[in-house]
Amino acid sequence: MSKSNQKGDIGEAYFALKAIERGYWVGKMPQGCPYDFVLDRGMGVERIQVKYRSTSIKGTIQLNAYNASPQSNRSYKELVDQFAVYNPETQDVYLIPAKLVTEKTSAIFRVDPTKNNQTSGVTFLSDFKDW
């Protein structure tokens, strides 16, 4: 198993654990499906794409609007409702609405505070912790 696959499996396991701990229904989708899980939080079923993202040297993580796998270079737009992001440094899962990512080619979320303490125009990953 490749290191990339291992990271993906870790992210998926953390997402499923956090969803169950919150009392939600969660189901793993089969290989080849354009999303990883379905999640029911009592407001209808949501399609979830799980991502494992380590914090960069700049204190951020980046999500891309496109699946960059060799088998498929397709947009997540219309295919995914939420991105579930596992960050190993915080050991938490963040649920980010897909439209925040798919309306552009990518989106950057700040994990660490900015060096100049700027908050205006900054999207913090922690804003997506409570789901």
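Me: Is valine 85 buried or exposed in this model, and in which strand does valine 85 lie?

Reply: A relative accessible area under 20% is the criterion for calling a residue buried. In this predicted model, valine 85 has 0% relative accessibility and therefore counts as buried. Valine 85 belongs to strand E5.

Me: Which residues is valine 85 in contact with, leaving aside its neighbours within four places in sequence?

Reply: Valine 85 is in contact with Lys51, Arg53, Ile61, Leu63, Asp92, Val93, Tyr94 and Ile96, once neighbours within four places in sequence are left aside. As for separation along the chain, valine 85 and glycine 8 are 77 residues apart, and their C-alpha atoms are separated by 10 Å.

Me: What does leucine 63 touch, not counting residues up to four places away in sequence?

Reply: With those residues not counted, leucine 63 touches Lys51, Arg53, Phe83, Val85, Ile96, Val101, Ser106, Ala107 and Phe109.

Me: What is the strand order of the open sheet, and which strands stand at the edges?

Reply: The open sheet of 5 strands has the order E1-E2-E3-E5-E6, with mixed pairing. Strand E1 (25–28) and E6 stand at the edges; each has a single partner strand, so one side of each is left without a neighbour in the sheet. From one strand to the next, the twist averages 30°.

Me: How many bridges join E1 to strand E2, and which residue is the bridge partner of tryptophan 25?

Reply: E1 and strand E2 (residues 37–40) run antiparallel and are joined by 4 bridges. Tryptophan 25 has aspartate 40, in E2, as its bridge partner. Helix H1 (residues 3–21) packs on the sheet and touches E1, E2, E3, E5 and E6. The direction of helix H1 makes about 135° with that of E3.

Me: Where does glutamine 49 lie, and is glutamine 49 buried or exposed?

Reply: Glutamine 49 lies in strand E3. Glutamine 49 is buried, with a relative accessible area of 8%. Apart from residues up to four places away in sequence, glutamine 49 touches Pro34, Tyr35, Asp36, Tyr76, Val80, Gln82, Phe83 and Ala84.

Me: How many aromatic pairs does the structure hold, and why is the pair of tyrosine 52 and tyrosine 86 called tilted?

Reply: The structure holds 7 aromatic pairs. For tyrosine 52 and tyrosine 86, the ring centres are 5.5 Å apart and the planes stand at 55°, so the pair is tilted. Tyrosine 52 lies in strand E3 (residues 45–52) and tyrosine 86 in strand E5, so this pair ties together parts that are 34 residues apart in sequence. Tyrosine 52 is buried at a relative accessible area of 19%, and tyrosine 86 is buried at 4%. Tyrosine 76 and phenylalanine 83 form an edge-to-face pair, 5.3 Å centre to centre, with 90° between the planes. Both tyrosine 76 and phenylalanine 83 are buried.

Me: Which phi values do glutamate 78 and glutamine 91 have?

Reply: Glutamate 78 is not a glycine, yet has a positive phi of about 75°. Glutamate 78 lies in the loop between strand E4 (60–64) and strand E5 (82–87), and is exposed, with a relative accessible area of 64%. Glutamine 91, likewise not a glycine, has a positive phi of about 50°. Glutamine 91 lies in the loop between E5 and strand E6 (92–97), and counts as partly exposed at 48% relative accessibility.

Technical notes. Residues numbered from 1 in each chain as written. Predicted model: local features only at pLDDT ≥ 70, side-chain atom pairs only at ≥ 80, totals over all residues. Heavy atoms only, no water. Helix = DSSP H or I, 4+ residues; strand = E, 2+ residues; numbered from the N terminus. Buried < 20%, exposed > 50% of the residue type's maximum accessible area, 1.4 Å probe, protein only. Phe/Tyr/Trp six-rings, centres within 6.5 Å; stacked < 30°, edge-to-face > 60°. Contact = heavy atoms within 4.5 Å. Pairing = 2+ DSSP bridges. Axes fitted to C-alpha atoms, helices over the stretch in contact; angles between N-to-C directions.
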